[in-house]
Amino acid sequence: MDENKEKSFEKREELIKVAMNEFGEKGYENASLNNILKEVGISKGTFYYHYKNKEDLYMHLIDIITEEKLKFISARMGSINFNEDVFTILRNLMKNGMKFANKNPNISKFTQGFVKDWGTPIHNEIFRRYFISRADFLKDITKKYGFENMDYISDLIEIAYERGEIRKDLPKEFVKKIINHLFINLPQIVNSNNLNEYELAANYLIDFIKNGLVKD
């Protein structure tokens, strides 16, 4: 989306708020662009001047959430003791993620629909296109907020191996893939719209990983 168009759009914030609620309540497929535009009070002509289609709007919401979350976590990195074991660090990062969700109710609402959609064919395809089209954007914002890349879990596993916190008989790449897979697919395992239940399940997952990976 053209930056100048975005800046000239007077009802942008209202559109974002309404769209997050619509996608959050109904999921991507069932969300109605007509309902969004009607509630915001803008014409289709105005919308299509700024966005290509519903998918483009959805991706823009992911852009906003990704940057806001990185900014939120970056500002709180000083509260995390990186001398602690990797599992404690994961718990603290997860707690910051939950604080972010609680502080941003519109984003939290969107996340509920996002979690329900996760793993569906259409959502997988949207995400595939998202990472292709947003590659430069994601690279820029990770650097902007002091992160090496978006895959912080793999970075933490590297540190854990260096410290001897994970068994050396387990191949590093296998461990990275399995832990990332479990966290990415946790929404499918939990099947809950409640963020508190999701946090509890994430803690269970960390306990599960730790008991299977800690050094004897």
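## Helices, core and rings: a short briefing

Let's start with a crossing: helix H6 passes helix H10 in a right-handed way, where right-handed means that the near helix is turned clockwise from the far one by less than a right angle, and left-handed that it is turned anticlockwise. This is a predicted model, in which local features need pLDDT of at least 70 and side-chain atom pairs count only at pLDDT 80 or more, while totals for chains, interfaces and linings use all residues. Residues are numbered from 1 along each chain as its sequence is written, and side-chain values use heavy atoms, with hydrogens and water left out.

**The overall build**

- The protein has 13 helices and zero strands; helices (H or I, at least four residues) and strands (E, at least two) are DSSP runs, numbered from the N terminus.
- Buried residues make up 44% of the 216 residues, where buried means under 20% relative accessible area, exposed means over 50%, and partly exposed lies in between (1.4 Å probe, protein chains only).

**How helices pack**

- Helix H6 (residues 86-103) and helix H10 (residues 152-163) pack at an angle of about 155°, and their axes are 10 Å apart.
- Axes here are lines fitted to C-alpha atoms, for helices over the stretch in contact, and angles run from 0 to 180 degrees between N-to-C directions.
- Helix H2 (residues 12-30) and helix H7 (residues 105-117) have axes 7 Å apart and an angle of about 30°, which makes H2 roughly parallel to H7.
- The crossing of H2 and H7 is left-handed.

**The nonpolar core**

- The largest nonpolar core has 61 residues, and Leu15, Phe23, Leu57 and Phe110 touch the most other members.
- Such a core is a set of buried Ala, Val, Leu, Ile, Met, Phe, Trp, Tyr and Cys residues joined through side-chain atoms within 4.5 Å.

**Aromatic rings**

- A pair of aromatic rings is described by how far apart the centres are and by the angle of the planes.
- Rings of Phe, Tyr and Trp (its six-membered ring) pair if their centres lie within 6.5 Å; planes under 30 degrees apart are stacked, over 60 edge-to-face, and the rest tilted.
- The count by this rule is 13 aromatic pairs.
- Phenylalanine 47 and tyrosine 48 have ring centres 5.1 Å apart and planes at 80°, so this pair is edge-to-face.
- Phenylalanine 47 is buried at 0% relative accessible area, whereas tyrosine 48 is partly exposed at 43%.
- Ring pairs also link a cluster, with Phe23, Tyr28 and Tyr58 among its members.

**Charges over rings**

- Arginine 76 lies over the face of phenylalanine 72, 3.5 Å from the ring centre, and lysine 172 lies over the face of tyrosine 161 at 5.6 Å.
- To count, NZ of Lys or CZ of Arg must be within 6 Å of the ring centre and within 35 degrees of the ring normal.

- Asparagine 92 sits in helix H6 and is partly exposed, with a relative accessible area of 21%.
- Asparagine 92 and serine 79 are 13 residues apart in sequence, and their C-alpha atoms are 8.9 Å apart in space.
- Lysine 210 belongs to helix H13 (residues 195-213) and counts as partly exposed at 31% relative accessibility.
- Lysine 210 and phenylalanine 87 are 123 residues apart along the chain, and 6.8 Å separates their C-alpha atoms.

Note on methods
Parallel < 35°, antiparallel > 145°, perpendicular 65-115°, else oblique.
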